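User: I would like to learn how to read a few features in this structure. Can we start with a helix and go on to cores and disulfides?

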Amino acid sequence: MRLESLSRISSFWIFFVLLALFTSSSKAQDTPQEQENQQDARPAHQEQEPAQQPASAQKRDAQEQVQVDDRKRTFVVHLPQGYDSQRHHPVVILLHGFEQDAAQMARLTHFNEFADRDSIIAVYPNAVAGRWIVGGDEPRPYRRGPYRRPGVWGPGYPRGPRPEPGDRREGAVRNQDMQFLHRMLDRLSAHYSVDTRRIYATGLGEGGFVALRTGCNMADRIAAIAVVAAAMPRTLTCVPSRPVPALLMNGTDDPIVRYDGGRYKNGMLHLLSAEDSAKELARLNHCSEKPSESKLPSVQKGAKDAKVYLFDGCHENAQVVLYVVKGGGHTWPGGEQYMTEKEVGKTSNSLNANETIWSFLVTKKLAGENAAGQ
(Lines give C-alpha, C1' and ligand atoms only; values in the text may rest on other atoms or scores of the structure.)
Protein backbone atom coordinates (compact mmCIF):
# COMPACT_ATOMS: atom_id res chain seq x y z
CA MET A 1 0.00 0.00 0.00
CA ARG A 2 2.83 2.34 0.90
CA LEU A 3 4.70 1.47 -2.31
CA GLU A 4 1.60 2.16 -4.36
CA SER A 5 1.27 5.55 -2.75
CA LEU A 6 4.91 6.43 -3.43
CA SER A 7 4.50 5.33 -7.05
CA ARG A 8 1.59 7.73 -7.49
CA ILE A 9 3.56 10.63 -5.97
CA SER A 10 6.55 9.89 -8.22
CA SER A 11 4.30 9.79 -11.30
CA PHE A 12 2.78 13.14 -10.31
CA TRP A 13 6.22 14.81 -9.96
CA ILE A 14 7.45 13.33 -13.25
CA PHE A 15 4.35 14.70 -15.01
CA PHE A 16 4.82 18.15 -13.41
CA VAL A 17 8.53 18.31 -14.43
CA LEU A 18 7.71 17.24 -18.01
CA LEU A 19 4.96 19.92 -18.20
CA ALA A 20 7.35 22.59 -16.93
CA LEU A 21 9.98 21.56 -19.47
CA PHE A 22 7.42 21.68 -22.32
CA THR A 23 6.18 25.13 -21.30
CA SER A 24 9.74 26.49 -21.02
CA SER A 25 10.58 25.10 -24.46
CA SER A 26 7.46 26.67 -25.96
CA LYS A 27 8.35 30.11 -24.52
CA ALA A 28 11.88 29.79 -25.81
CA GLN A 29 10.53 29.15 -29.32
CA ASP A 30 8.12 32.12 -29.16
CA THR A 31 10.76 34.63 -27.96
CA PRO A 32 12.45 35.27 -31.34
CA GLN A 33 9.05 35.94 -32.95
CA GLU A 34 8.07 38.31 -30.14
CA GLN A 35 11.41 40.06 -30.48
CA GLU A 36 10.84 40.37 -34.22
CA ASN A 37 7.37 41.80 -33.60
CA GLN A 38 8.82 44.29 -31.12
CA GLN A 39 11.44 45.33 -33.63
CA ASP A 40 8.76 45.79 -36.30
CA ALA A 41 6.70 47.91 -33.93
CA ARG A 42 9.61 50.13 -32.80
CA PRO A 43 9.94 52.27 -35.97
CA ALA A 44 6.23 53.06 -35.91
CA HIS A 45 6.62 54.39 -32.38
CA GLN A 46 9.75 56.32 -33.26
CA GLU A 47 8.08 58.00 -36.26
CA GLN A 48 5.90 59.96 -33.85
CA GLU A 49 8.99 61.59 -32.33
CA PRO A 50 10.90 64.27 -34.28
CA ALA A 51 14.17 62.96 -35.58
CA GLN A 52 17.31 64.76 -34.58
CA GLN A 53 18.69 66.85 -37.45
CA PRO A 54 22.15 68.31 -37.80
CA ALA A 55 22.35 71.96 -36.78
CA SER A 56 22.91 73.06 -40.39
CA ALA A 57 19.62 71.48 -41.44
CA GLN A 58 17.47 72.86 -38.64
CA LYS A 59 15.04 75.63 -39.47
CA ARG A 60 16.30 79.10 -38.67
CA ASP A 61 12.92 80.85 -38.83
CA ALA A 62 11.31 82.48 -35.81
CA GLN A 63 7.89 84.08 -35.54
CA GLU A 64 7.98 87.29 -33.56
CA GLN A 65 5.25 89.68 -32.46
CA VAL A 66 4.83 93.25 -31.32
CA GLN A 67 1.89 95.16 -29.90
CA VAL A 68 0.33 97.98 -31.92
CA ASP A 69 -2.48 99.63 -29.97
CA ASP A 70 -4.71 96.70 -28.93
CA ARG A 71 -3.57 94.32 -31.67
CA LYS A 72 -0.72 91.82 -31.83
CA ARG A 73 1.17 92.04 -35.09
CA THR A 74 3.43 89.23 -36.26
CA PHE A 75 6.46 88.82 -38.50
CA VAL A 76 8.83 86.00 -39.41
CA VAL A 77 12.60 86.35 -39.10
CA HIS A 78 14.81 84.09 -41.23
CA LEU A 79 18.39 83.97 -39.99
CA PRO A 80 20.89 82.96 -42.68
CA GLN A 81 22.89 79.79 -42.25
CA GLY A 82 26.02 81.86 -41.69
CA TYR A 83 24.39 84.03 -39.00
CA ASP A 84 26.96 85.27 -36.50
CA SER A 85 25.86 87.21 -33.42
CA GLN A 86 29.26 88.94 -33.40
CA ARG A 87 28.68 90.39 -36.85
CA HIS A 88 26.16 93.02 -38.01
CA HIS A 89 23.99 91.61 -40.79
CA PRO A 90 22.01 93.58 -43.40
CA VAL A 91 18.21 93.22 -43.29
CA VAL A 92 15.76 92.90 -46.18
CA ILE A 93 12.08 93.37 -45.33
CA LEU A 94 9.84 91.50 -47.78
CA LEU A 95 6.24 92.74 -47.80
CA HIS A 96 3.70 90.30 -49.21
CA GLY A 97 1.01 91.06 -51.74
CA PHE A 98 -2.78 91.17 -51.73
CA GLU A 99 -4.38 88.54 -49.44
CA GLN A 100 -1.08 86.75 -48.88
CA ASP A 101 1.08 86.19 -45.80
CA ALA A 102 4.70 85.89 -44.75
CA ALA A 103 5.01 82.18 -45.60
CA GLN A 104 3.63 82.69 -49.10
CA MET A 105 6.01 85.60 -49.72
CA ALA A 106 8.99 83.46 -48.70
CA ARG A 107 7.80 80.61 -50.90
CA LEU A 108 7.08 82.57 -54.06
CA THR A 109 10.29 84.65 -53.96
CA HIS A 110 12.75 81.91 -52.90
CA PHE A 111 14.53 84.70 -51.04
CA ASN A 112 15.58 82.58 -48.05
CA GLU A 113 17.98 80.55 -50.17
CA PHE A 114 19.43 83.78 -51.52
CA ALA A 115 19.68 85.24 -48.00
CA ASP A 116 21.59 82.15 -46.81
CA ARG A 117 24.14 82.68 -49.55
CA ASP A 118 24.76 86.36 -48.82
CA SER A 119 24.25 86.34 -45.01
CA ILE A 120 21.13 88.53 -45.10
CA ILE A 121 18.49 88.55 -42.37
CA ALA A 122 15.18 88.21 -44.25
CA VAL A 123 12.11 89.57 -42.46
CA TYR A 124 8.53 88.86 -43.53
CA PRO A 125 5.83 91.01 -41.87
CA ASN A 126 2.18 89.92 -41.86
CA ALA A 127 -0.59 92.35 -42.78
CA VAL A 128 -3.91 92.27 -40.91
CA ALA A 129 -6.14 89.74 -42.70
CA GLY A 130 -3.79 89.81 -45.69
CA ARG A 131 -4.38 93.50 -46.52
CA TRP A 132 -2.04 96.41 -46.02
CA ILE A 133 -3.31 99.93 -45.45
CA VAL A 134 -2.75 101.44 -48.88
CA GLY A 135 -5.14 104.39 -48.75
CA GLY A 136 -8.11 102.76 -50.46
CA ASP A 137 -10.37 105.66 -49.55
CA GLU A 138 -8.33 108.03 -51.75
CA PRO A 139 -6.76 110.29 -49.09
CA ARG A 140 -6.50 113.97 -49.90
CA PRO A 141 -3.01 115.38 -50.35
CA TYR A 142 -2.00 117.15 -47.15
CA ARG A 143 -0.66 120.69 -47.13
CA ARG A 144 2.75 121.28 -45.71
CA GLY A 145 2.91 123.63 -42.76
CA PRO A 146 5.72 126.08 -42.03
CA TYR A 147 9.35 124.93 -41.83
CA ARG A 148 8.64 122.13 -44.37
CA ARG A 149 6.88 120.10 -41.69
CA PRO A 150 4.05 117.78 -42.78
CA GLY A 151 0.45 118.53 -41.98
CA VAL A 152 -1.73 116.66 -39.50
CA TRP A 153 -1.81 113.27 -41.19
CA GLY A 154 1.69 113.09 -42.61
CA PRO A 155 2.72 111.95 -46.10
CA GLY A 156 0.55 109.24 -47.57
CA TYR A 157 -1.59 108.56 -44.51
CA PRO A 158 -5.23 107.65 -45.17
CA ARG A 159 -7.73 110.37 -44.49
CA GLY A 160 -9.24 110.35 -41.01
CA PRO A 161 -11.83 112.54 -39.29
CA ARG A 162 -11.15 116.28 -39.55
CA PRO A 163 -9.58 117.50 -36.28
CA GLU A 164 -11.49 119.99 -34.20
CA PRO A 165 -9.90 123.34 -33.35
CA GLY A 166 -7.52 122.92 -30.44
CA ASP A 167 -6.99 119.19 -30.99
CA ARG A 168 -3.40 118.13 -30.41
CA ARG A 169 -1.44 116.53 -33.21
CA GLU A 170 -0.61 113.50 -31.05
CA GLY A 171 -4.29 112.57 -31.10
CA ALA A 172 -4.36 112.15 -34.87
CA VAL A 173 -5.05 108.72 -36.35
CA ARG A 174 -1.83 107.25 -37.68
CA ASN A 175 -1.15 104.47 -40.14
CA GLN A 176 -0.92 101.34 -38.01
CA ASP A 177 1.19 99.54 -40.60
CA MET A 178 3.87 102.21 -40.27
CA GLN A 179 3.73 101.92 -36.47
CA PHE A 180 4.01 98.15 -36.83
CA LEU A 181 7.11 98.41 -39.02
CA HIS A 182 8.77 100.87 -36.62
CA ARG A 183 8.17 98.56 -33.65
CA MET A 184 9.28 95.55 -35.67
CA LEU A 185 12.60 97.28 -36.40
CA ASP A 186 12.98 98.17 -32.71
CA ARG A 187 12.59 94.51 -31.78
CA LEU A 188 14.96 93.34 -34.51
CA SER A 189 17.67 95.74 -33.35
CA ALA A 190 17.24 94.64 -29.73
CA HIS A 191 17.20 90.86 -30.30
CA TYR A 192 19.34 90.24 -33.37
CA SER A 193 22.71 91.38 -34.66
CA VAL A 194 21.48 93.91 -37.21
CA ASP A 195 23.37 96.48 -39.27
CA THR A 196 20.93 99.36 -38.76
CA ARG A 197 22.60 101.33 -41.56
CA ARG A 198 21.64 98.60 -44.05
CA ILE A 199 17.93 97.92 -43.64
CA TYR A 200 15.98 97.72 -46.90
CA ALA A 201 12.29 97.39 -47.78
CA THR A 202 10.94 95.53 -50.77
CA GLY A 203 7.46 94.33 -51.63
CA LEU A 204 5.17 92.78 -54.23
CA GLY A 205 1.92 94.48 -55.27
CA GLU A 206 0.30 95.94 -52.16
CA GLY A 207 3.52 95.19 -50.34
CA GLY A 208 5.22 97.33 -52.98
CA PHE A 209 2.90 100.23 -52.11
CA VAL A 210 3.99 99.86 -48.48
CA ALA A 211 7.65 99.72 -49.49
CA LEU A 212 7.14 103.02 -51.32
CA ARG A 213 5.59 104.50 -48.21
CA THR A 214 8.53 103.39 -46.06
CA GLY A 215 10.75 105.37 -48.40
CA CYS A 216 8.54 108.42 -47.86
CA ASN A 217 7.96 108.05 -44.11
CA MET A 218 10.87 106.01 -42.73
CA ALA A 219 13.86 107.39 -44.62
CA ASP A 220 15.75 107.72 -41.33
CA ARG A 221 15.66 103.91 -40.92
CA ILE A 222 15.29 102.48 -44.43
CA ALA A 223 18.44 102.80 -46.55
CA ALA A 224 16.80 101.98 -49.91
CA ILE A 225 13.63 100.45 -51.36
CA ALA A 226 12.77 98.00 -54.14
CA VAL A 227 9.23 97.86 -55.51
CA VAL A 228 7.91 94.97 -57.61
CA ALA A 229 4.59 95.13 -59.49
CA ALA A 230 3.55 98.41 -57.86
CA ALA A 231 3.54 102.11 -58.73
CA MET A 232 3.11 105.44 -57.00
CA PRO A 233 -0.47 106.40 -56.04
CA ARG A 234 -1.49 109.77 -57.47
CA THR A 235 -2.61 110.91 -54.03
CA LEU A 236 0.56 109.90 -52.18
CA THR A 237 2.44 113.02 -51.13
CA CYS A 238 6.00 111.93 -50.49
CA VAL A 239 8.38 114.17 -48.53
CA PRO A 240 11.24 111.95 -47.37
CA SER A 241 13.74 113.33 -44.85
CA ARG A 242 16.57 112.48 -47.25
CA PRO A 243 16.98 111.18 -50.82
CA VAL A 244 16.07 107.47 -50.88
CA PRO A 245 17.53 105.15 -53.55
CA ALA A 246 14.72 103.27 -55.27
CA LEU A 247 14.35 100.38 -57.70
CA LEU A 248 11.10 99.65 -59.52
CA MET A 249 10.38 96.44 -61.41
CA ASN A 250 7.21 96.31 -63.49
CA GLY A 251 5.82 93.84 -66.01
CA THR A 252 4.33 95.19 -69.22
CA ASP A 253 1.46 92.66 -69.03
CA ASP A 254 0.51 93.17 -65.37
CA PRO A 255 -3.32 92.94 -65.21
CA ILE A 256 -3.56 94.32 -61.64
CA VAL A 257 -1.07 97.22 -61.56
CA ARG A 258 -1.01 98.25 -65.19
CA TYR A 259 2.27 99.42 -66.62
CA ASP A 260 0.63 102.54 -68.08
CA GLY A 261 -1.09 103.45 -64.80
CA GLY A 262 -4.76 103.84 -63.96
CA ARG A 263 -6.93 102.29 -61.33
CA TYR A 264 -5.51 99.57 -59.11
CA LYS A 265 -7.62 96.48 -59.72
CA ASN A 266 -7.88 95.41 -56.04
CA GLY A 267 -8.73 98.82 -54.59
CA MET A 268 -9.69 102.42 -55.13
CA LEU A 269 -6.18 103.74 -55.74
CA HIS A 270 -5.35 105.56 -58.95
CA LEU A 271 -1.75 105.04 -59.95
CA LEU A 272 0.90 106.77 -62.00
CA SER A 273 2.43 104.73 -64.78
CA ALA A 274 5.61 102.81 -63.98
CA GLU A 275 7.69 105.32 -65.94
CA ASP A 276 6.04 108.34 -64.30
CA SER A 277 6.55 106.75 -60.88
CA ALA A 278 10.27 106.47 -61.60
CA LYS A 279 10.34 110.08 -62.81
CA GLU A 280 8.61 111.30 -59.65
CA LEU A 281 11.05 109.45 -57.41
CA ALA A 282 13.92 110.83 -59.48
CA ARG A 283 12.52 114.34 -59.02
CA LEU A 284 12.37 113.85 -55.24
CA ASN A 285 16.02 112.72 -55.28
CA HIS A 286 17.07 115.61 -57.55
CA CYS A 287 18.37 113.26 -60.23
CA SER A 288 18.98 114.07 -63.86
CA GLU A 289 15.72 114.64 -65.75
CA LYS A 290 16.36 112.13 -68.51
CA PRO A 291 17.38 108.58 -67.69
CA SER A 292 19.96 106.52 -69.51
CA GLU A 293 18.49 103.51 -71.33
CA SER A 294 19.96 100.04 -71.64
CA LYS A 295 19.00 96.39 -71.85
CA LEU A 296 19.56 93.63 -69.33
CA PRO A 297 20.32 90.40 -71.23
CA SER A 298 17.92 87.61 -70.36
CA VAL A 299 19.19 84.90 -68.02
CA GLN A 300 17.02 82.35 -69.82
CA LYS A 301 17.60 81.37 -73.43
CA GLY A 302 14.82 82.59 -75.69
CA ALA A 303 13.32 84.99 -73.12
CA LYS A 304 12.98 88.73 -73.77
CA ASP A 305 15.59 91.17 -72.51
CA ALA A 306 14.50 93.62 -69.79
CA LYS A 307 14.71 97.31 -70.52
CA VAL A 308 16.44 99.47 -67.90
CA TYR A 309 15.93 103.19 -67.21
CA LEU A 310 18.54 104.63 -64.85
CA PHE A 311 18.26 108.09 -63.28
CA ASP A 312 21.70 109.14 -62.11
CA GLY A 313 23.36 112.32 -60.85
CA CYS A 314 21.11 112.30 -57.79
CA HIS A 315 21.68 113.95 -54.43
CA GLU A 316 23.65 111.68 -52.10
CA ASN A 317 23.97 109.22 -55.01
CA ALA A 318 20.35 108.12 -54.44
CA GLN A 319 19.82 106.50 -57.83
CA VAL A 320 16.42 105.56 -59.20
CA VAL A 321 16.16 102.64 -61.63
CA LEU A 322 13.20 101.10 -63.45
CA TYR A 323 13.33 97.55 -64.84
CA VAL A 324 10.74 96.96 -67.55
CA VAL A 325 9.96 93.23 -67.69
CA LYS A 326 8.53 92.54 -71.13
CA GLY A 327 5.57 90.16 -70.93
CA GLY A 328 5.83 90.00 -67.14
CA GLY A 329 2.77 90.02 -64.91
CA HIS A 330 1.90 90.86 -61.32
CA THR A 331 4.64 88.49 -60.24
CA TRP A 332 8.18 88.15 -58.87
CA PRO A 333 10.58 87.54 -61.79
CA GLY A 334 12.43 84.28 -61.30
CA GLY A 335 10.01 83.24 -58.54
CA GLU A 336 6.93 81.00 -58.39
CA GLN A 337 3.84 81.26 -60.57
CA TYR A 338 1.72 81.59 -57.41
CA MET A 339 -1.61 82.04 -59.22
CA THR A 340 -2.79 81.33 -62.77
CA GLU A 341 -1.59 83.49 -65.64
CA LYS A 342 -5.19 84.55 -66.22
CA GLU A 343 -5.34 86.01 -62.70
CA VAL A 344 -1.90 87.62 -62.27
CA GLY A 345 -0.10 87.32 -65.58
CA LYS A 346 3.10 85.45 -66.30
CA THR A 347 6.12 85.00 -64.05
CA SER A 348 9.03 86.03 -66.21
CA ASN A 349 12.33 84.17 -66.08
CA SER A 350 14.18 86.74 -68.15
CA LEU A 351 15.81 88.00 -64.94
CA ASN A 352 16.11 86.97 -61.32
CA ALA A 353 14.48 89.57 -59.09
CA ASN A 354 16.51 88.53 -56.03
CA GLU A 355 19.84 88.96 -57.82
CA THR A 356 18.82 92.21 -59.50
CA ILE A 357 17.36 93.81 -56.38
CA TRP A 358 20.24 92.85 -54.10
CA SER A 359 22.89 94.06 -56.56
CA PHE A 360 21.18 97.47 -56.31
CA LEU A 361 20.58 97.50 -52.55
CA VAL A 362 23.89 96.08 -51.39
CA THR A 363 25.88 99.27 -51.94
CA LYS A 364 23.33 101.59 -50.27
CA LYS A 365 23.65 102.46 -46.60
CA LEU A 366 22.62 105.16 -44.15
CA ALA A 367 25.17 107.63 -42.87
CA GLY A 368 26.41 107.34 -39.30
CA GLU A 369 27.49 104.51 -37.07
CA ASN A 370 25.69 101.23 -36.68
CA ALA A 371 23.25 101.24 -33.77
CA ALA A 372 22.56 97.52 -33.46
CA GLY A 373 21.54 96.43 -30.00
CA GLN A 374 20.51 99.89 -28.87
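Analyst: Start where a helix stops: α3 is followed by Ser119, whose phi is positive, near 55 degrees. Helices (H or I, at least four residues) and strands (E, at least two) are DSSP runs, numbered from the N terminus. This is a predicted model, where local features need pLDDT of at least 70, side-chain atom pairs count only at pLDDT 80 or more, and totals for chains, interfaces and linings use all residues. Residues are numbered from 1 along each chain as its sequence is written, and side-chain values use heavy atoms, with hydrogens and water left out.

User: Which residues of helix α3 are buried?

Analyst: Buried means under 20% relative accessible area, exposed over 50%, partly exposed in between (1.4 Å probe, protein chains only). In α3, residues 111-118, the buried ones are Phe111, Asn112, Phe114, Ala115 and Asp116. An α-helix has 3.6 residues a turn, so residues three or four places apart point the same way.

User: What do the buried residues of α3 pack against?

Analyst: Their partners are the strands β1 (61-68), β2 (71-78), β3 (89-95) and β4 (121-125), plus the helices α2 (102-109) and α8 (353-361). Contact means heavy atoms within 4.5 Å.

User: How do I read the largest nonpolar core, and which residues touch the most other members?

Analyst: A nonpolar core is a set of buried Ala, Val, Leu, Ile, Met, Phe, Trp, Tyr and Cys residues joined through side-chain atoms within 4.5 Å. Here the largest has 62 residues, and Ile121, Met184 and Leu188 touch the most other members. Helix α4 (residues 176-191) gives the most to this core, six residues. Take Met184: leaving aside residues up to four places away in sequence, Met184 touches Val66, Phe75, Ile93, Val123 and Pro125. Apart from this core lies another, of 35 residues, including Leu94, Ala306, Tyr323 and Leu351.

User: How many disulfides are there?

Analyst: The rule is a pair of cysteine sulfur atoms within 2.5 Å. It gives two disulfides. In one, the sulfur atoms of Cys216 and Cys238 are 2.0 Å apart. That link is left-handed, with -110 degrees about the S-S bond. Cys216 sits in helix α5 (residues 206-217), and Cys238 in the loop between β6 (224-228) and β7 (246-251).

User: Where do Cys287 and Cys314 lie?

Analyst: Cys287 is in the loop between α6 (274-284) and β10 (292-296), and Cys314 in the loop between β11 (306-311) and β12 (320-325), so the pair ties together parts 27 residues apart in sequence. This link is right-handed, at 110 degrees about the S-S bond. Both Cys287 and Cys314 are buried.
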